[in-house]
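Thanks for asking me to look this one over.

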Amino acid sequence: MNFDLTDERQMLQDSMRRYLNDSYSNEKIRSLADSEAGFCRDNWAGLADLGVIGALFDETDGGFGGAGFDIALVFEELGRVGAVEPLLDTAVLGGGILATLGTDTQKAHIESIMEGSLQLAMAHGEPQSRYELARVSTRARLVDGRYELDGQKSVVVNAATADYFIVSARTGEDTASPKGISLFLVPADAQGISLQDYPLTSGGRAAELMLDKVEVAATALLGHEGEGHEALELAHARATVAICAEALGLMEAIRTLTTDYLKIRKQFGKPIGKFQVLQHRMADMLIEIEQARSAVINLAGHVEASRDEREKHVSATKNLVGMVGKLVAEESIQLHGGIGMTEEYELGHLAKRLIMVDHRLGDSTHHLERFIELAVA
Amino acid sequence: MDLNYTTEQLAFRQEVRAFLQANLPQSLSDKVKYGKTLTKSEHEQWHAILHKQGWLASNWPVQYGGTGWDSVHRHLFEEELTRASAPRIVPFGLAMLGPVLQEFGSDEQKEYYLPRILNGEHWWCQGYSEPGAGSDLASLKTTAEFDGEHYIVNGQKTWTTLGQHANMIFCLVRTAKEGKPQEGISFLLIDMRSEGVTLRPIVLIDGEPEVNEVFFDNVKVPAKNLVGEQNKGWTYAKYLLTHERTNIAGVGFAVAGLASLKRIARTEMYKGRPLIENPHFAARIARVEIDLMAMSTTNLRVISQAAAGKAPGAESSMLKIKGSVIRQEINSLARSAIGPYAMPFVSEDLDPGSNDLPIGPEHATSVTATYFNNRKLSIYGGSNEIQRSIISKSLLEL
Ligand SMILES: Cc1cc2nc3c(=O)[nH]c(=O)nc-3n(C[C@H](O)[C@H](O)[C@H](O)COP(=O)(O)OP(=O)(O)OC[C@H]3O[C@@H](n4cnc5c(N)ncnc54)[C@H](O)[C@@H]3O)c2cc1C
């Protein structure tokens, strides 16, 4: 048993922390909220240069990491500063699907991703699908050797900046069946795609994606027709490592901010951190954050395990992190008092981003239910 | 023990309901229903409608232009307002300052200010909190020095709700530095158009500039704007805080919030069925509903005591804690209910007359913003921690 980082990972963590501390500030994040991309392109290039994106890919794909613990390390650091860059979308979800299913030609994009010159977005969720992975009603039909896609994708994060979308569409079976889902690599400028783009509460941007008779070549298909579900599930498992580790980083940052504030804010002639009531609340918060850390470790360590084992950990961790995230965000605002309610103060962005974690890749209720199904099976 | 309203009370409820049906503009109730921020003139429009009916000052005695209702009638009235998604009555003049002036103000002050609260000429805001004085309000530092004719006010207030709409502010100011901090505080009425008053908006986490900082730089305030006696302001402020706070639990808001939550959960789909049919989600809604049912009765118990002439004390602390926690839980469930559509940030600036299509289902608009905004419920008006201290001191004598 060893919970220490390897030397390589330790180095990556150190250099990331230095870079992010220098290149991030609350003012910067607030200015990005009004920007066209919703994130900072310089930071994106900086992270690519540091090898952060490469750390999310396996050596066989030209990267130098890609394991659950690499993903966890990178995203915890991103979380600590509340970074809004779409690494989850481009590298873990999009890149992950390419790595699992791509042909050599399709996989060639991975190098551009690692260099920082290519953006992806996962166009999977639909207005009626909520958090169900297999509920896909967007259709793909093979017409004269080309696929024609029709449907609507909702809250597609990083849509407006993406060069390609990974679109899930049904080529067979019923709406909710895991069978019959196909995945396509669709150029963002394909005819028939329209976007309704908007900012997100967490920072970054997303869009509603309309697919109206979007024609793509048969070579746009990723993997085999009708067999996309397995790769989707794996990519979502790895993305769950990422988002939960990010949540952990956010929680750590929030805890530090709140503890520091309790030491300097004085009421009734003393620092409010001297009130036992608040000390206990912080102690509870700390206990729960440690629970979250262990849950993230559990998941990161099982993401390469068998499907059933892996998915049980996906749901366990996402459920726990969702609950703890809510506690940490709400308690930290409460313990700050009025200042915690303001947009200007650092906490606001971190707390909002943390709460929003529960709205991606399945919320805590969804994963509780899923855990029951997986654990009973 | 009789849990029913009297025939007279039920008839009154019917009367209010009919009035609202006929007079509450849909343009206003729609905004309230979807959690949108009302403009100043919309607030004024609603106040004017109620004023015309004579129902604006539901907590004032008849002699001052109020309704003279007892706490049960007031409760019914408030419940009907929220049920119909009426805008809330802006509390600063009507619920806060009015009762203080009626109890402690001079005849001249009553004659001058009370009618102006009713007709909307004065929009009041509350200047209590300061950057250094929140929970420990008595440590406030804004000073008022008397020069024989005027009070010269210097300092800063903060978190001033809707100060951007206000032309008047009632302030707690320091007039003496000796003795206990509570003993050197006075209650002063200040015209915000006076020279030396400046306002800076504060944007909250939902993106709305709901509160403000107010700065006072040698502001001259006429001596006649002092309420009651100099250095007795703390007594008046406390009177305001404990007096007739029957609506503090916000039962009506919780009931409306729960109804809206269920509406959302009936429309949202999960695994091919309405979300409300999902046992885990349904259990979470049920849990908060059960709490709300009990809390409504706690509320009525306090109200009927008040109607019998027993002013609530620390009971209002209990209602404030339970009420805020229940409302926050309802807001949180609504956020969960809309799933991924909680993520889009829709700026309110884009709303009126905007050609933008709504993002996601219409019921999702403002849900996330309301969730974040209502974190304030357990912070302002004495935080829930402070309320617990009051309970443990007054009710438990610990
Ligand atoms: C949206 C909003 C609107 C507001 N509107 C107005 C307004 O119109 N006018 C106005 O005057 N004020 C207004 N306020 C201010 C509000 O009343 C204060 O925020 C509140 O009194 C808390 O003070 P604070 O923010 O300084 O927090 P602090 O007093 O610094 O408290 C920080 C934390 O410490 C806790 N704490 C403090 N003392 C103790 C103790 N002794 N024991 C245990 N815990 C303690 C608090 O509960 C809180 O969790 C508003 C606030 C908000 C958020």
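**Notes on pockets, ligand site and cavities**

1. Let me begin with the second largest pocket, which has a volume of about 750 Å³. Its lining counts 37 residues, and those closest to the centre are Tyr131(A), Glu132(A), Leu133(A), His236(A) and Leu361(A). Four elements of chain A give two or more residues each to this lining: strand 3 (146-157), helix 7 (229-264), helix 9 (307-336) and helix 11 (364-376). Please keep in mind, here and below, that this is a predicted model.

2. What is the make-up of the lining of the second largest pocket by class? There are 16 nonpolar residues, along with 11 polar and 10 charged ones.

3. Next, the ligand. It is surrounded by 29 residues, and the closest of them are Arg265(A), Ser135(B), Thr161(B), Ser383(B) and Glu385(B).

4. Some individual contacts to the ligand are worth a look. On the chain A side, a backbone N or O atom of Gln334(A) sits 2.7 Å from an oxygen atom of the ligand. Gly338(A) also takes part through its backbone, with a polar atom 2.7 Å from an oxygen atom of the ligand. From chain B, Ser129(B) brings a polar side-chain atom to 2.8 Å from a nitrogen atom of the ligand. How much of the ligand does the protein bury? Taken alone, the ligand exposes 970 Å², and 94% of that is buried by the protein.

5. As for the elements around the ligand, helix 9 of chain A and helix 12 (384-394) of chain B each supply at least two residues of the shell. Helix 9 of chain A gives the most, with 3 residues. By class, the shell divides into 13 nonpolar, 13 polar and 3 charged residues.

6. Across the whole structure, a search finds 3 cavities of 30 Å³ or more. The largest cavity holds about 300 Å³ of space. It is lined by 25 residues, and the closest to its centre are Asp89(A), Val157(A), Ser202(A), Arg353(A) and Arg360(A). Helix 4 (68-81), helix 5 (87-101), helix 7 and helix 10 (346-356) of chain A are the elements that give two or more residues to this lining.

7. Which element has the largest share of the lining of the largest cavity? That is helix 5 of chain A, with 3 residues. The lining as a whole has 15 nonpolar, 4 polar and 6 charged residues. From chain A, Arg130(A), Tyr131(A), Asp363(A), Thr365(A) and His366(A) are among the residues that line it. Tyr270(B), Leu275(B), Asn278(B) and Phe281(B) line it too. By class, this lining divides into 4 nonpolar, 3 polar and 2 charged residues.

8. Finally, the chains themselves. Chain A comes to 11 helices and 10 strands, while chain B has 12 helices and 10 strands. For the 398 residues of chain B the globule rule gives 21 Å, and the radius of gyration is 22 Å, close to that value, so chain B is as compact as a globular protein of that length. Chain A, with 377 residues, has a radius of gyration of 21 Å, which agrees with the value near 21 Å for a compact globule.

9. For the overall dimensions, the C-alpha atoms of chain A fill a box of roughly 80 × 45 × 40 Å along the principal axes. The box for the C-alpha atoms of chain B, again along the principal axes, is roughly 75 × 55 × 50 Å.

Conventions. Residues are numbered from 1 along each chain as its sequence is written. Chains are lettered from A and ligands numbered from 1 in the order in which they are written. This is a predicted model: local features need pLDDT of at least 70, side-chain atom pairs count only at pLDDT 80 or more; totals for chains, interfaces and linings use all residues. Side-chain values use heavy atoms; hydrogens and water are left out. On a 1 Å grid over the protein atoms alone, a cavity is a set of points where a 1.4 Å probe fits but cannot get out, and a pocket is an open set with protein on both sides within 12 Å along at least five of seven lines; lining residues have an atom within 4 Å of a point. Grid points are joined across faces, edges and corners, and a volume is the space filled by probe spheres set on the points. Ala, Val, Leu, Ile, Met, Phe, Trp, Tyr, Cys and Pro count as nonpolar, Asp, Glu, Lys and Arg as charged, and the others, Gly among them, as polar. A residue is near a molecule or strand if one of its heavy atoms lies within 4 Å of it. A polar contact is a pair of N or O atoms within 3.5 Å; within protein, one must be able to donate a hydrogen and the other to accept it, and residues adjacent in sequence count only if both atoms are side-chain atoms. Accessible areas come from the Shrake-Rupley method with a 1.4 Å probe; for residues, only the protein chains shown count as cover. The radius of gyration is taken over C-alpha atoms; the globule rule is 2.2 Å times the number of residues to the power 0.38.
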